[in-house]
Each structure stands twice: as structure tokens, then as C-alpha cells.
Amino acid sequence: MQEKKQGESSPVKIKRRNLYYVLVSACALIVAAAIVLTVVFATQGSPVDDTLDPGLEQPDDPDDGDEDVDDTDEPDEPSDTEVVFSMPVSGGTVATTYTFWFNSTLNRYNLHQGVDFKADAGTTVTSAYAGKVESITDTLLEGGKVVIDHGNGLKTEYASIDVSSSLKVGDTVSQGTVIGTVSAAADTMGNEYNEGPHLHFGVFENNESIDPVTYLDLDEK
């Protein structure tokens, strides 16, 4: 009888080896399938929710043509309404206009930056135009003085007056609102003392003195 060579595999061992290879291959296929399914589900994911987390800052909405309530309005255009002053003192007469003149009180020539209206002491002084009271002062040179801001850089001043006690800085006044009365010359001792009782009326645009006739019709006097 012929003897088997050492190391030669029996049919049983061969079958076992083949079965082992089949099981390993099957396991590898299962693992590969699981990986593929995981990748597919990961790439598809869940539907995207367009609603942002309320705790996060919302981005600006694009301009879709609809008017938003909180849209920033454009600055208002300057009013083209013609500004016409009313006479700041009733029954007064024009004494000195906006001109180069000799100030007898100061004994010198200088530009008279305003219009002086001669009137009896105690004559009512009113706002020439609607606005807001910017300042109220009382000095030896100008006596009592009120400055009213009319907006758009336009202001008026009323000097040599007794300011109404009820008038306060920040008050809104209408055209014709009483702001004081003409002071007696002896009460002011100001830089126009020799002119007697009068209202000194000045006008300023962007802090530059201008001729009041720009807004005031002196032909009415």
C-alpha cells in the first residue's frame, strides 16, 4: 500500500478551508454593504429646514419689492415753503437798518447787524416766525435777548427787551407768540443806549449774520 506524503491535505480539511473562505467573504460583503448604506443615508440627510434658530441673528431680507415696516426712511427733503417773517414789534418805526453806521453810544463806525425798531418801552415783542427758543440771556451790552431757532440753519434774535417771565429755553413758539416787551433805555445801558427804547432784531443763517429784509418786508412799516 502506498503511504500518504507528509503535509498532503485530506478531503475533509479542504472542505473546511473552503467553507472558511466562504464565511470570510460573506462577512466582508456584509461589512461593505453596511458602509455603503451608511454613506448613502449620510449624504441624503434630513430635509433642510429654512427656519433659522430664533436665538440666532436673522440675516437682512433682500429687497423683494415689498415695503417693510421697519425699513429706514430717507431723510425728508428741505421744505420749499417760502419763509416770510411777521413784524416782531407792533407800531414801531424803523430806526436803523442792516448797514454800516456810526454808533454814537460806542463812538465808532461798525456794521449794524440787524434792524432797530423804535417803540415805547413796554411795547409787545413777538416771534417773527415759528420755532424753538434756543437761548435767553441778559447782559449789559445787549440787555435782555432771546434767540429762536427756526430750523434749516435759520435763527432770529430779539435784543434790548424785557423777556417774558413765562418764556423758557426749549419752548416751542408760533409766529406771533409774545416773547417780551421793549425795555426802557435806562434799563439796558447797552451798546445802543443813545438810540432810546427800541427792539434790535437780527437774523442769522448758518451762524452768519444776514440782512433781515431777506425774510422781512420793511415796506409794511
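Predicted model: local features only at pLDDT ≥ 70, side-chain atom pairs only at ≥ 80, totals over all residues.
**Notebook: a strand, a core and some rings**

I started with H200, which sits in strand β11, residues 198-205. H200 comes out at 10% relative accessibility, so I put it down as buried. Its side chain has a polar contact, at 2.9 Å, with the side chain of D116.

Next I looked up the largest nonpolar core, which has 25 residues. Those with the most contacts inside it are F85, F117, V146, Y158, L199 and F201. The elements giving two or more residues to this core are β4 (115-118), β7 (143-151), β8 (154-163), β10 (178-182) and β11.

I then checked F201. Leaving aside neighbours within four places in sequence, I found F201 in contact with residues including F85, P88, F117, Y158 and L216.

On to the rings: I noted four aromatic pairs in the structure. For F85 and Y129, the ring centres are 6.0 Å apart and the planes are at 55 degrees, so I logged the pair as tilted. F85 is in the loop between α1 (11-44) and β1 (93-96), and Y129 is in the loop between β5 (124-126) and β6 (131-139), so this pair ties together parts 44 residues apart in sequence.

F85 is buried, at 4% relative accessibility. F85 also pairs with Y215: centres 5.3 Å apart, planes at 40 degrees, so tilted. That pair links distant parts of the chain, since Y215 is in the segment after β12, 130 residues from F85. Y215 counts as buried at 17%. I marked F85, Y129, Y158, F201 and Y215 as one aromatic cluster.

Last entry: E208, in strand β12 (residues 208-210), is exposed at 53% relative accessibility.

Methods:
Residues numbered from 1 in each chain as written. Heavy atoms only, no water. Helix = DSSP H or I, 4+ residues; strand = E, 2+ residues; numbered from the N terminus. Buried < 20%, exposed > 50% of the residue type's maximum accessible area, 1.4 Å probe, protein only. Polar contact = N/O pair within 3.5 Å; in protein donor to acceptor, adjacent residues only side chain to side chain. Core = buried A, V, L, I, M, F, W, Y, C linked by side-chain atoms within 4.5 Å. Contact = heavy atoms within 4.5 Å. Phe/Tyr/Trp six-rings, centres within 6.5 Å; stacked < 30°, edge-to-face > 60°.
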